[in-house]
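Trainee: Please take me through one part of this model slowly. I would like to look at the second chain, and then at what it joins.

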Amino acid sequence: MPENALLRMQTDLKRALGQPVAERHWGMVIDLKKCVGCNACTIACKVENNTPPGVTYHVVLEEEIGRYPNVTRRFLPRPCQQCEHPPCTRVCPVNATYRRADGIVVIDYDVCIGCRYCLAACPYGARSFDFGEFYTVGQTPRVAEYDLSSSFEYGQEWQRDPANRNTSPIGNARKCTFCLHRLEKGMLPACITTCIGGARYFGNLNDPDSLVAQQAASPHVMRLKEELGTEPSVYYLL
Amino acid sequence: MSKRIVFVLILGLVALAAGAFGMVDRIGMGLSHVAYGSPVPWALWVVFYIYFIGLSAGSFLVSSLIYVFGFKRFEAAGRLAIFTALVSLLTALIFIWVDLGRMERVFAVYLRPSFTSPLAWIVWLYTAYLFLLLAEAWFLMRRDFAQRSKGGGLKGTLYRLLALGIQEDSAAARAGDMKVVRVLGAIGVPLAIAFHGGTGAVFAVTVARAYWYSGLFPIMFLVSALASGGALLTQL
């Protein structure tokens, strides 16, 4: 029986966490042949990070190609690419967003002034701005619980308050962190564990024995907009 | 008061009330009412900001024609140009300030700036420009303040305050003022080119947006600033 990929990645993750932060390079490989476009990853991400309307860390781009009767659809899941040379961090006027030693680009919600320059600078549209919207507040007679429940990004509790829309993360730029808060607890990102097709791989790209590094070494691999020199940490298997 | 002034005053008060209502909503509700989203991160308020900052830079550069390069026949428009530059600059800064997600954190740009960001450069340059404009306007108006402060009453006191207590209004003092204006203007010309070119650079460095990503952008901004500033002063 072949080894279960999730269990293998779990062991890889434990091994990576035993190493110093600077020696990890978190990366993702997405096998486009296995993606069925079900958007389970998008939903898992929404639930895990409790993101409001208009804030999407992860989307699945859909495209229809060919002409009838030879038509097919193509899916491209797009988390943050966690670039090695991120165009978004350089333009931040207050150093609120930066690339960590382990390759994850993070935002300091306590510093971000909400100018949205990083949104304009990201070539992948991976950043969102929290305009302070809610799914049900002011929309339906009863306010849903999920609108008021907290998110735990960066290992902290963030409570969005409809009465005071000047509390972080409202008014801040927000983005995918490869579920950093889960990684620190030894758990894989939500989009990885939820993928029904087993199309996603995650781990330490610096560790040649990890499943993700082996997948990324395939000759059928590509990255998005390589011509911009951003060096993404997300690879796609064709 | 003439009928026209009353009408303008009422119009101004109505506009002010509408503005105050909007500001209260903006502070209470954050940006949740602006109705644009992450795919278009900058919208109308940024457009207004760019528009007014261009008018400010343009008006200032026109004023420098008079005070630095000695085009005497535009003399009459000089003070108006400086005043227009000041008003447009303040309007622009208010627009970009309310567009920030967290208005109260704006001082972070001074306290922990990142100089790899053109946005941080221009905020510093705008600040320098604001002080320069205030100084230049004061030196242009000082003699009038000094003359009028000789009258008594509330107006006299106000003018005395505005003149900062300096009563000198001889021709020699006027010449001295103009010398200072000339120096300030000379500093201002490269400053205006820097901050408005910098405003263009904010857009020009974004590799993600193909239509912005061009070395021509800062120059385009400067040319349109000159054209729009000149046009505004002609209209006024």
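Mentor: Start with contacts in chain B between residues at least 6 apart in sequence: 69% of them join residues at least 24 apart. A contact here means heavy atoms within 4.5 Å. This is a predicted model, in which local features need pLDDT of at least 70 and side-chain atom pairs count only at pLDDT 80 or more, while totals for chains, interfaces and linings use all residues. Residues are numbered from 1 along each chain as written, chains are lettered from A and ligands numbered from 1 in the order written, and side-chain values use heavy atoms, without hydrogens and water.

Now the elements. Chain B has eight helices and zero strands. Helices (H or I, at least four residues) and strands (E, at least two) are DSSP runs, numbered from the N terminus. Read from the N terminus, the order is α-α-α-α-α-α-α-α. Along its principal axes, the C-alpha trace of chain B spans about 60 × 40 × 35 Å.

Next, the surface. Of the 236 residues in chain B, 42% are buried. Buried means under 20% relative accessible area, exposed over 50%, and partly exposed in between, with a 1.4 Å probe and protein chains only. The accessible surface of chain B is about 12,900 Å², and 76% of it belongs to carbon and sulfur atoms. These areas come from the Shrake-Rupley method with a 1.4 Å probe; for residues, only the protein chains shown count as cover.

Then the charges. Chain B carries 19 positive and 9 negative charges, and their mean positions are 3 Å apart. Lys and Arg count as positive, Asp and Glu as negative; His and the chain ends are left out. Each charge is placed at NZ of Lys, CZ of Arg, CG of Asp or CD of Glu.

Now look at what chain B joins. The largest nonpolar core has 112 residues, and F178(A) and F202(A) touch the most other members. Helix α5 (residues 118–148) of chain B gives the most to this core, with 13 residues. Such a core is a set of buried Ala, Val, Leu, Ile, Met, Phe, Trp, Tyr and Cys residues joined through side-chain atoms within 4.5 Å. In soluble globular proteins, nonpolar side chains tend to be buried together.

Finish at F202(A). Leaving out residues up to four places away in sequence, F202(A) touches several residues, including M9(A), L13(A), W26(A), F178(A) and V212(A).
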